[in-house]
Amino acid sequence: VRYVRVDSAAIQSVLTTAVNHAMSLTLDRHPEKYYGLLLVDLETDSLSNYVLELLTNNNNVIAKRQLSQQDTLAEFDQLLPGNYQLRLINDNDSNGEWTTGNLLQKQQPETIYYYTAPIKVRSNWDLELEWILDPAKP
């Protein structure tokens, strides 16, 4: 359990002369053993820079790792139990995000790959998975 206290003079409005009140919040957190860990061993031959993203089933990005060809392990820790997906972006321009194509310059968008098997993270478990990337199947 963590406590946050905001003093009455900590926040001021630029629009009004309203008086603020002191505020206290109690933040509850699950114990450390409640969370899960995901280790991804990625094997790729043709990519030099890439971004590995961890997604919820609603395609919301939870975490992202920018990796190079020398990096073969990615670790995602402090994960809530649930189902996840992995997305890998071939980061040709090394900017850390997906870049769209350019029609005038005849440039294709950066390729995206998805890990197709379901990923279920459990409480107090370490999940290790191996992803051998086939560049022919984006």
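**Notebook: charged side chains in a predicted all-strand chain**

I looked up Arg-87 and found that this residue forms a salt bridge with Glu-53, with the closest N and O atoms 2.7 Å apart (a salt bridge being a side-chain nitrogen of Lys or Arg within 4 Å of a carboxyl oxygen of Asp or Glu). The pair links distant parts of the chain, Arg-87 lying in strand 7 and Glu-53 in strand 4 (residues 49-56), 34 residues apart; strands here are DSSP runs of E with at least two residues, and helices runs of H or I with at least four, numbered from the N terminus. I note that the model is predicted, that local features need pLDDT of at least 70 and side-chain atom pairs pLDDT 80 or more, while totals for chains, interfaces and linings use all residues. Residues are numbered from 1 along each chain as its sequence is written, and side-chain values use heavy atoms, without hydrogens and water.

I checked burial and found both Arg-87 and Glu-53 buried, which stands for under 20% relative accessible area with a 1.4 Å probe, protein chains only. Searching the whole structure, I found one salt bridge.

I then turned to Asp-91, in the loop between strand 7 (82-90) and strand 8 (112-114). Asp-91 is buried but has no salt bridge, and the nearest side chain of opposite charge, Lys-64, is 8.5 Å away (Lys and Arg count as positive, Asp and Glu as negative, with His and the chain ends not counted). Beyond its neighbours within four places in sequence, Asp-91 has contacts (heavy atoms within 4.5 Å) that include Asn-49, Tyr-50, Gln-66 and Glu-110.

For the chain overall, I recorded zero helices and ten strands, with 28% of the 138 residues buried.

Definitions and conventions. Buried means under 20% relative accessible area, exposed over 50%, partly exposed in between (1.4 Å probe, protein chains only).
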